[in-house]
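Here is a short briefing to read beside the model. It goes from side-chain pairs to the sheet and then to the domains.

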Amino acid sequence: MTQLEKACAISFKGEMKMELLEAIRQRHSVRSYLDKPIDTDVRNALCKYIDECNQEGNLHIQLIENEPQAFAKRLYHYGLFSNVKNYIALVGKEDATLNERCGYYGEKIVLKAQMLGLNTCWVGGTYKKIESVVNLKPDEKFLMIITIGYGENQGREHKYKKVKDLSIGYPELPDWFIKGVEAVAMAPSALNQHSYRFGFRDGKVYVKKGLGFALDTDIGIAKYHFEVASGKDSSIWE
């Protein structure tokens, strides 16, 4: 690779990081959607990205369209959903890492959707699994879904936890680590629990689990946010 090619690659990565950080800041859960199909070009770009995530993460995530039955009943645990007809089914071969991988790659898809002008909401249990519309192999598990479409609004910002409440050893931590945890504070989390803390030792980052619902999925989501904001990759994890 020439110096010019290296410079262009670095510039491109920097631009992508800024776009992802902006998507993290702008993205909020949306539960009410317009009766509008996903634009063809947007759909194609999203499906291409889902395929890339599936290949990288050894998953079988699928975009389900025009399927209103999953939210046919009025379910209030996460608030009232309205006009949900499209969603992303998080599917993969069941093993000890499935939940975290679905969180990590599901959030990658969520942020890509945000950059494509779509809105989303992570949903753990307040829907009916319509397995007939999901391509589910015998050794696979249909974990949860992410609603997707054009929102009636852009959602609303919640109060975020402070870095000191999500980290171990604050404030004696590297700047890049603090930036990572700031993005973790903006990560979606089941019941907004954020029941984990990030620590740093021997050059590696570790996660101390608390107690909570869908915790491994939450940690996968948080890890992706951390990587985006800190500029580190998966090799940083203990």
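This is a predicted model: local features need pLDDT of at least 70, side-chain atom pairs count only at pLDDT 80 or more; totals for chains, interfaces and linings use all residues.

Residues are numbered from 1 along each chain as its sequence is written, and side-chain values use heavy atoms, with hydrogens and water left out.

**Salt bridges**

- A salt bridge here is a side-chain nitrogen of Lys or Arg within 4 Å of a carboxyl oxygen of Asp or Glu, and the count by this rule is twelve.
- One of them joins Arg-25 to Glu-22, with 3.7 Å from N to O.
- Both residues, Arg-25 and Glu-22, belong to helix 1 (residues 3–26) and sit three residues apart, about one turn of the helix; helices (H or I, at least four residues) and strands (E, at least two) are DSSP runs, numbered from the N terminus.
- Arg-25 is partly exposed, with 42% relative accessibility.
- Another salt bridge pairs Lys-141 with Glu-94, their closest N and O atoms being 3.9 Å apart.
- That pair links distant parts of the chain, 47 residues apart: Lys-141 is in strand 4 (residues 140–149), and Glu-94 is in the loop between strand 2 (87–93) and helix 3 (98–115).
- Lys-141 is partly exposed at 30%, whereas Glu-94 is exposed at 52%.
- Asp-216 and Lys-209 also form a salt bridge, with 2.6 Å between the closest N and O atoms, and Asp-216 is partly exposed at 25%.

**The sheet and its surroundings**

- Four strands make an open sheet in the order 1-2-4-3, with antiparallel pairing; two strands pair if DSSP finds at least two bridges between them.
- Strand 1 (62–64) and strand 3 (119–123) are at the edges with a single partner strand each, so one side of each has no neighbour in the sheet.
- Neighbouring strands are turned by 30° against each other on average, direction ignored; axes are lines fitted to C-alpha atoms, for helices over the stretch in contact, and angles run from 0 to 180 degrees between N-to-C directions.
- Strand 3 and strand 4 pair in the antiparallel sense over five bridges, and Val-123 stands opposite Ile-145 in strand 4.
- Helix 3 packs on the sheet and touches strand 2, strand 3 and strand 4, its direction making about 165° with that of strand 3; contact means heavy atoms within 4.5 Å.
- Is Ala-89 buried or exposed? Ala-89 is in strand 2 and counts as buried, at 0% relative accessibility.
- Beyond residues up to four places away in sequence, Ala-89 touches several others, including His-60, Val-134, Phe-142 and Ile-145.

**Two domains**

- The domain assignment, which is automatic or from a database, gives domain 1 (24–149) and domain 2 (163–236).
- Their centres, taken over C-alpha atoms, are separated by 23 Å, and 17 residues of domain 1 are in contact with 16 residues of domain 2.
- The two domains bury about 1,400 Å² between them, 69% of it on carbon and sulfur atoms; buried area is the accessible area (1.4 Å probe) that two parts lose on being put together, summed over both.
- On the domain 1 side, Ile-24, Glu-100 and Tyr-104 lose the most area to domain 2, together 41% of what that side buries.
- One salt bridge is counted between domain 1 and domain 2.
- Glu-100 and Lys-223 meet through their side chains in a salt bridge of 2.9 Å, N to O.

Key: Buried means under 20% relative accessible area, exposed over 50%, partly exposed in between (1.4 Å probe, protein chains only).
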